[in-house]
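Here is a short briefing to read alongside the model.

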Amino acid sequence: MAIFRLHIPMLDEVKQKGLRPALKDKWVDVVTRVTAGLSPDDMRGVLRDDTPGRPNPRLTPHAEGFWLHMKPTYYHRMVDGLYPTFRLGWLSTFFGVFEIVTGIYLMIYYTPSPLVAYENMLNLLSNVPFGQVMRDMHRLAAELMVIVVVLHMLRTFITGSYKKPRQFTWATGVVLLFVTLVLSFSGYLLPWDQLSLWAVTIGASMVEAIPPEVVGRNVNLLVRGAPEFGANGLLRFYLLHVVALPLAGIVAFGVHYYKVIHHGHSLPPEAEKVGEDTAKRVPMDSRVYFMPQILTRELWYVSGLLAILFAAAAYLYNAPALEPHANPLITPLHTTAPWYFLWLQGMLKVGDKVVWGLIVPGLLTGLLLVLPYLEVGPSRRYGDRRIGLSLAALFVAAMAMLSYMGTPHYAVSTSPDQEAVAELLPQTHPGPLRSAPWEDLAYGSFEASAWAAAPNATLQDLLREFDDVLTNVQSAGRTDVAGVMVIEDWQTDLKKVTLRVTWTNVPDGTAGEFSQSVYLHRNGNYGEGA
Amino acid sequence: MSDAGVQTAPGAEAGVPLSRREFLNYLWGASMAVFLAGGGGVTLWYALPRFREGEFGGVFTLPITNLPAPDSPPADFPDGRFWLVNVGDGTLQDPRQPKDYPLEPGVKALYKVCVHLGCLYKWVPTNDRFECPCHGSKYLKSGARIDGPARRNLDVFFVEVLDASGNVLSRSEPVMGSQEASSVVIPPEAVALRIDTGRRVTGASNSKPGGGI
Amino acid sequence: MKGQIALGLLAFLALMGVLVLVGVGEPNRMAEFTAAYDSRQIETGASLFEQSCRPCHGPQGQGIGGVAPALNAPDLFDGSRLAAVGFSGTLPDYVRGVIAAGRPVPSAGTNYPQRMPTWGAEYGGPLRADQVDALVAFVLNWEGRALAGGSAATPAPTGPTVGADIGVALPAGDAARGKALSEGGLGCTGCHVLAAVGPSWPADGGEPGVGARAETRFQASGYTGKATSSEQYLFESTVLPNAYVVDGFQPNIMPQNFAERLSAQDTADLLAYMLSLR
C-alpha cells in the first residue's frame with residue numbers, strides 16, 4: 001500500500017521553533033529572496049543609512065539580481081552629482097521611460113487609420129478623464145527629450161568623454177540620437193491634423209530626393225506606403241513609433257549603458273592625468289554607494305521630475321491645439337516643420353535639395369559617428385582642446401542660425417495682400433480674429449482706415465491691426481490700398497466675417513482684390529487655447 | 001553618515017528606535033504608495049469606457065410619446081438593446097403570470113438579451129409572449145419567465161420618468177431584496193423617459209416549471 | 001541626503017495635489033471641449049456649404065425653384081418633409097444620407113430635373129466622412145430659424161415677369177447686376193459656371209465665352225429656334241430652353257419657368273452680362 005504522505009516543510013519549522021518565530025523567519029527568507037540578497041534588517045539599515053556590515057549585503061542585489069545587474073554598486077565621488085554630467089544621460093533614460101508609459105496610456109484610445117485617428121484625438125480630449133493632460137505630458141516630454149539628448153551629446157563632447165576607450169559608446173549614442181529624432185518625427189504624424197500631415201510631408205519629401213531617381217522613388221514608397229501619406233503611411237509610421245524604434249532604442253540603450261558601466265563614468269578632465277583613464281579604479285574614500293546614496297538621489301529626481309512634468313502639462317504647457325482634419329488637397333500657409341528639424345528646412349533654403357537636404361546632413365551624421373575615431377588627441381582637458389570646443393560652439397551657432405532660416409517667416413511669403421489677411425486669419429493657429437470675444441463682433445461693414453470709429457475696443461484693435469499690415473501691401477506697384485471687414489449674421493450663433501483687401505495696380509490702373517471669409521460660432525472657444 | 005547619536009551595530013534588531021532619516025524614508029515610501037494607489041485610480045478612470053447619450057451603455061432619453069399604450073405589444077429600441085413595455089391591467093391579470101413576483105402597472109425596459117445563454121429573444125404576437133429561438137425560453141410581457149431553461153426573469157434597465165424641467169418624477173425601485181425592479185408609474189406631468197443602459201437590474205430567480213421560485 | 005528625502009516626499013505630495021486638482025476639473029473641461037468642437041464643426045460646415053452647396057441650394061439655404069429644395073425651411077425640421085418623402089429614420093440620418101449618397105432617383109413627390117450628386121467619399125464623392133458630418137451639423141443649425149419662418153424657394157418677383165415672347169423689347173441691361181443675379185438665388189452658376197451641366201458661360205478650353213458663341217450660333221445650320229440676334233438667342237435660351245438644345249446637351253434639364261420668374265430688367269441685366277462673356 002503506497003500511501004501518499006503530504007509533507008509541508010513550513011509545518012515542520014513551526015513545530016520546531018514555534019509559530020511566531022517560524023513566521024518571522026519565513027518573512028525574512030521571502031524578503032531576502034525577493035530583493036536578491038537584502039534581509040528586512042539590511043533594508044532598514046539602508047533606510048537609516050547605517051554602516052553596512054561585512055560582507056556588504058547591499059552589493060548582493062547587484063551581483064545576483066536582474067534589475068540591478070548593470071547598475072554600478074558605487075560611483076566616484078566626483079561624478080555622482082550634477083557636475084560634470086548634469087545627469088543628462090540619466091535624464092534621457094528617464095524621459096524615455098516616461099514616454100513609454102504615457103504612450104501606452106495614449107495607445108488605449110488610438111487607432112492608426114485616417115478614418116478615425118483624428119476622431120480618436122477628439123475623443124481623447126473630450127471624453128476621456130485626464131486625456132488632455134496625458135497627451136500634453138507625452139508631447140512635452142517628447143520635446144524635452146530631444147533637448148536633453150542633444151545637451152547630453154554636447155556635454156559628452158565638451159568633457160571629451162568620447163575618447164579612448166569610449167569611442168563605441170559615443171557611436172551607440174549617435175544611434176540613440178537618431179532613434180530619438182525619428183521617434184519624435186513619427187509620433188508627429190499620428191494626430192492626423194493639418195499640422196501633422198504637412199509637417200511630416202515636408203520632412204519625408206527629403207527621402208524622395210535621394211539620387212538616383214529609382215532609389216528615391218522606392219524608398220519614398222517604402223516609407224510612406226504610397227506616393228503620398230495616407231492610410232498606409234499612417235500605419236507604417238505608427239508601427240515605427242510604437243514597435244520598431246522603441247525596440248531599436250532599447251537594444252541600443254542596452255549596449256550604450258553596458259559600455260558606460262563597463263568603462264565607468266569618466267572623471268572630470270582636470271581630475272586625471274592626460275591620457276589616463278582611471279574611472280574604474282575608484283579609491284575606497286571616493287566611493288559613493290548606490291544604496292542608499294545614489295538610490296535616494298535618483299528617486300528624488302524621479303519624484304521632482306514627475307511633479308514638475310505633471311504640473312507643467314496641467315497648467316503651463318498645452319500641446320498645440322488640434323488643427324483641422326488633415327486635408328491632402330490644401331496646404332496651410334506658413335506650415336512649418338517641427339522645431340528640431342528647422343535646421344534641415346533652413347539648409348534646404350540655402351540651395352539644391354539633394355546637396356543640402358541629403359548629402360550634407362548625411363555627411364554630418366557620418367562625421368558624428370566616426371568623430372571619436374578621428375579626433376584621437378589624448379587630452380580631455382578644456383585648455384588642450386580649444387579648437388574642438390570652438391568648433392562645437394560654431395556648430396551650435398550654425399544650427400541655431402539654420403533653424404531660424406527654417407522658420408516660415410524667413411524668405412517664404414505669398415503676395416502681400418494674402419499675407420495681410422493671414423495676419424488676422426492665420427491658417428496654422430487661431431489668430432486675433434478667431435480669439436476675439438464673439439459678442440464684440442458687431443454686424444456691419446468696417447473700413448480698416450476708420451478703425452478709431454469702430455463701435456468697441458475689440459473691433460478697434462482688430463481693425464487697427466488690419467490697417468497696420470495693409471501698409472505692407474502698399475508698394476511701387478500698388479496704390480489706393482484699402483481694407484474692409486464685413487460681419488454678417490449667418491445662422492443661429494454663427495457670424496460670417498469677410499476680410500477684403502482692394503488696391504489699384506499702378507501701371508495699368510486695373511483694380512485688384514483679395515478676400516477671405518471665415519465663419520465664427522459663439523462657442524468656438526478659440527481664445528481658450530484648447 | 002548615520003544620524004548623530006543613534007549608532008548601532010550592523011544588522012540591528014527591530015528594537016532599535018527610529019531615526020529621523022528612516023522615518024522620512026518611510027513617509028516617502030508611503031507617499032509613493034499613495035501616489036501609486038491614486039495613479040491606479042486615475043488609470044481606472046482614464047481607461048474605463050464612457051458612453052455618451054444615445055450609445056448603448058449610456059443613457060437614452062425618449063419622449064413619452066414613444067411609450068406604447070398599456071397592454072399593447074412592446075416597442076423595440078435596437079440601439080439601446082431594450083424593449084419598452086407598458087404593463088396595464090390586462091397584463092396584471094394574465095393567468096400565465098406566476099404569483100411569486102410583485103407586479104404593478106407602469107413601464108419597464110426589458111434587456112433584449114435572454115438570461116439563459118445570451119441570445120436575443122423575439123416577440124411573438126400570436127402567442128402574446130417573448131420566445132427565445134436558441135433554447136426555447138419564454139417570457140411574458142412583464143418580463144416573467146414562464147417556460148424554458150432560463151433560471152430567472154428578464155433583466156431590466158433602470159428607468160426614470162422626467163417632467164418638463166428635467167426633474168425625476170418616478171424611478172425603478174428594487175423589490176424582492178434588490179433583485180427585480182418595479183414597473184415605473186407614469187404621472188400625468190411626465191414628458192420624457194430616461195433609460196440608463198449602464199445600470200441593469202437582474203431578474204429574480206425563477207426556475208419552477210410554468211414560472212415561480 | 002536627508003534634504004533629498006524630504007523634498008522627494010514633498011514632490012509626491014505636490015504631485016497628488018495636482019492630480020486631485022486636475023481630476024476635479026475634468027468633467028467641466030471635457031464638456032467645454034465637446035461644446036467648442038461641436039461649434040467648430042458648424043463653422044467648417046458653413047464654409048463647405050458655401051463652396052459646394054450654395055450654387056443649388058442658395059446662400060441661406062432657401063433653395064432655388066426648379067433646382068433644389070430649401071433647407072432653411074420649417075417642413076424639413078417639423079417632420080413633414082420626411083413624411084412626404086417616406087423616410088422613416090431620424091432627421092440627422094436623412095440629411096447625412098442625402099449628402100453622402102446623393103439622389104440617384106428623385107424623392108417621392110418632387111420633380112427636380114437635376115439629380116443631387118453624391119458627396120460622400122464612400123460613394124465616389126469628394127468629401128470625407130467628417131466633412132459630411134460638418135455639413136450635417138451646419139444644416140441642422142438652421143432649425144431654430146427655419147421653424148420660426150425660414151423660407152421656401154426664392155419667391156417669385158412682384159410685378160410683371162418678362163414672359164416667353166423673345167421679340168419683346170427689353171430695357172438697357174447692367175452687366176454687373178446681371179453677374180450678381182447669376183451668382184445669387186437664380187442658380188445659373190451652378191450649371192453654367194461651376195459645373196458642366198449646361199453650356200459653359202465663360203471661355204472654356206478652345207471655346208469662346210457664351211457672348212461670343214451667341215453671335216454665330218443662331219445662324220448655324222441645325223438651329224431650331226426663332227432668334228434673329230445674339231441677344232434674342234440668349235433670351236430664347238433662357239425662357240424657352242427646349243427651342244434649341246446645343247449638341248451634346250440634353251433637353252428638359254434647364255428649369256422651364258424662367259419666363260415666369262424673371263422681370264424684364266432682370267432679364268436685360270442677365271443678357272448684358274452673358275453678352276460680355278467672350
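**Salt bridges and other features**

Over all chains, the count comes to 41 salt bridges, where a salt bridge is a side-chain nitrogen of Lys or Arg within 4 Å of a carboxyl oxygen of Asp or Glu. Please keep in mind that this is a predicted model, in which local features need pLDDT of at least 70, side-chain atom pairs count only at pLDDT 80 or more, and totals for chains, interfaces and linings use all residues. Residues are numbered from 1 along each chain as its sequence is written, chains are lettered from A and ligands numbered from 1 in the order in which they are written, and side-chain values use heavy atoms, with hydrogens and water left out.

**Charge pairs in chain B**

- Arg96(B) and Asp128(B) form a salt bridge, with their closest N and O atoms 3.4 Å apart.
- This pair links distant parts of the chain, 32 residues apart: Arg96(B) is in the loop between α2 (89–92) and β4 (106–111) of chain B, and Asp128(B) in the loop between β5 (122–124) and β6 (129–131) of chain B. Helices (H or I, at least four residues) and strands (E, at least two) are DSSP runs, numbered from the N terminus.
- Arg96(B) is partly exposed at 29% relative accessible area, and Asp128(B) is partly exposed at 31%. Here buried means under 20% relative accessible area, exposed over 50%, and partly exposed in between (1.4 Å probe, protein chains only).
- Glu131(B) and Arg129(B) meet in a salt bridge of 2.7 Å, N to O, and both residues are buried.
- Arg200(B) forms a salt bridge with Asp155(B), the closest N and O atoms being 3.4 Å apart.
- That pair also links distant parts of the chain, 45 residues apart, with Arg200(B) in strand β13 (residues 192–201) of chain B and Asp155(B) in the loop between β8 (145–147) and β9 (156–162) of chain B.
- Arg200(B) is partly exposed at 48% relative accessibility, whereas Asp155(B) is buried at 3%.

**Nonpolar patch on chain A**

- A nonpolar surface patch with about 790 Å² of accessible area together is formed by Phe168(A), Val175(A), Val251(A), Val255(A), Leu367(A), Leu369(A), Val370(A), Tyr373(A) and Leu374(A). Such patches take residues with over 30% relative accessible area and no salt bridge, and join nonpolar side chains (Val, Leu, Ile, Met, Phe, Trp, Tyr) within 5 Å and like charges within 9 Å; the areas come from the Shrake-Rupley method with a 1.4 Å probe, only the protein chains shown counting as cover for residues.
- α14(A) gives the most to the nonpolar patch, with five residues.
- Tyr373(A) is found in helix α14 of chain A and is partly exposed at 45% relative accessibility.

**Backbone details**

- The peptide bond from Pro211(A) to Pro212(A) is cis, with omega near -10°, and Pro212(A) is in the loop between α9 (194–208) and α10 (213–224) of chain A.
- Another cis peptide bond joins Met291(A) and Pro292(A), with omega about 0°; Pro292(A) is in helix α12 (residues 290–316) of chain A.
- Phe130(A) is not a glycine, yet has a positive phi of about 65°; Phe130(A) is buried, with a relative accessible area of 2%.
- Arg81(B), also not a glycine, has a positive phi of about 55° and lies in the loop between β2 (75–77) and β3 (82–87) of chain B.
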